[in-house]
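Here's a quick tour to read alongside the coordinates.

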Amino acid sequence: MRKFAWLFLLGAAVAAWAEPPPVVRDAQAPAVRELVNLDSLGAGFRFDLRYATPDNFVHATLYPVAKAYLHRDAAKALVEVQHELAAQGFGLKIFDAYRPLSVQQRMWDLIHDERYVSNPAINAGRHTRGTAVDLTLVDREGKDLPMPTPFDDFTERAHRDAAGVPADAAHNAKVLEEAMIKHGFLPYPFEWWHFDHRDWKKHPPLDVPLDQLP
């Protein structure tokens, strides 16, 4: 039943975005100036920015710099998550955050599966708004904790309702999910690592390269 509920919600979201909103490409636009470099916040985030390296499903470097940006509201909420988890002996490791629309298109051209890569023709993506973040849970030393799958595992094993997940991985995924939900993030049903800030639909998609951001 839970699986069908996720599918219904996803279908409703897709239907609501039949026409993509206008794309912002001006690096000086107000929406772009709302992006914050997560490493500049001093929150203790760890980073493994796969798309700034060839170690990703595209097998190519997609970002010119290894930096992670979020809209300031999402960034503030993520700092709150980090502080709460730190009190439990955990922390966050960031895989991806803001993603230019041109990169989103390149991903879609390879993976035509809307469960794992947003179709730019429908909603211009989720990461493109600077309100989506891919992340995992680490211990105090920054060591990755067991999770249901590796990052960017495009199989049903990565779904939030996947069966047969080892107990420790299921527990860690639940800890991460509960902390993110508490601070205003929405869990994506098909990827345990992906979360959208609750206000993501209010923000326009952006197509500004990361090396043009401060």
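What follows is a walk through the sheet, the helices and the aromatic contacts.

Keep in mind that this is a predicted model. Its sheet is open and built from five strands, in the order E2-E4-E5-E7-E6, with mixed pairing. A search of the whole structure also turns up ten aromatic pairs.

**The sheet**

- At the edges sit E2 and E6 (185-187), each pairing on one side only.
- E2 (residues 46-47) runs parallel to E4, and two bridges join them. Phe-47 has Ile-94 of E4 as its bridge partner.
- On to E4 and E5 (residues 132-139): these two pair in the antiparallel sense, over six bridges. One place to look is Gly-91, whose bridge partner in E5 is Val-138.
- E6 and E7 (residues 194-197) are antiparallel too, with three bridges between them. Here Pro-187 has Phe-195 of E7 as its bridge partner.
- How enclosed is E4 (residues 90-96)? Six of its seven residues are buried, so the rest of the structure largely encloses this strand.

**Helices on the sheet**

- H3 (residues 72-86) lies across E4, E5, E6 and E7, and runs at about 145 degrees to E4.
- H6 packs on the sheet as well, touching E4, E5, E6 and E7. The direction of H6 makes about 130 degrees with that of E5.

**Helix H4 and its buried side**

- Which residues of H4 (residues 101-110) are buried? They are Leu-101, Val-103, Gln-104, Met-107 and Trp-108.
- These residues cover an arc of only 155 degrees around the axis, so they sit on the same side of H4.

- The cut-off for buried is under 20%.
- Phe-95 and Phe-151 are stacked, 4.3 Å centre to centre and with 15 degrees between the planes. This pair links distant parts of the chain, with Phe-95 in strand E4 and Phe-151 in the loop between E5 and H6, 56 residues apart. Both Phe-95 and Phe-151 are buried.
- Ring pairs also build a cluster out of Tyr-51, Phe-57, Tyr-63, Phe-95, Tyr-116, Phe-151, Phe-154, Trp-192 and Trp-193.

**Two more spots to check**

- Arg-160 lies over the face of Phe-195, at 4.5 Å from the ring centre. Phe-195 is also the bridge partner of Pro-187.
- Leaving out residues up to four places away in sequence, Asn-56 touches Arg-50 and Tyr-51, and Tyr-51 belongs to the ring cluster.

Definitions and conventions
Residues are numbered from 1 along each chain as its sequence is written. This is a predicted model: local features need pLDDT of at least 70, side-chain atom pairs count only at pLDDT 80 or more; totals for chains, interfaces and linings use all residues. Side-chain values use heavy atoms; hydrogens and water are left out. Buried means under 20% relative accessible area, exposed over 50%, partly exposed in between (1.4 Å probe, protein chains only). Helices (H or I, at least four residues) and strands (E, at least two) are DSSP runs, numbered from the N terminus. The arc is that of the directions from the helix axis to the C-beta atoms. Two strands pair if DSSP finds at least two bridges between them. Contact means heavy atoms within 4.5 Å. Rings of Phe, Tyr and Trp (its six-membered ring) pair if their centres lie within 6.5 Å; planes under 30 degrees apart count as stacked, over 60 as edge-to-face and the rest as tilted. A charge sits over a ring if NZ of Lys or CZ of Arg is within 6 Å of the ring centre and within 35 degrees of the ring normal. Axes are lines fitted to C-alpha atoms, for helices over the stretch in contact, and angles run from 0 to 180 degrees between N-to-C directions.
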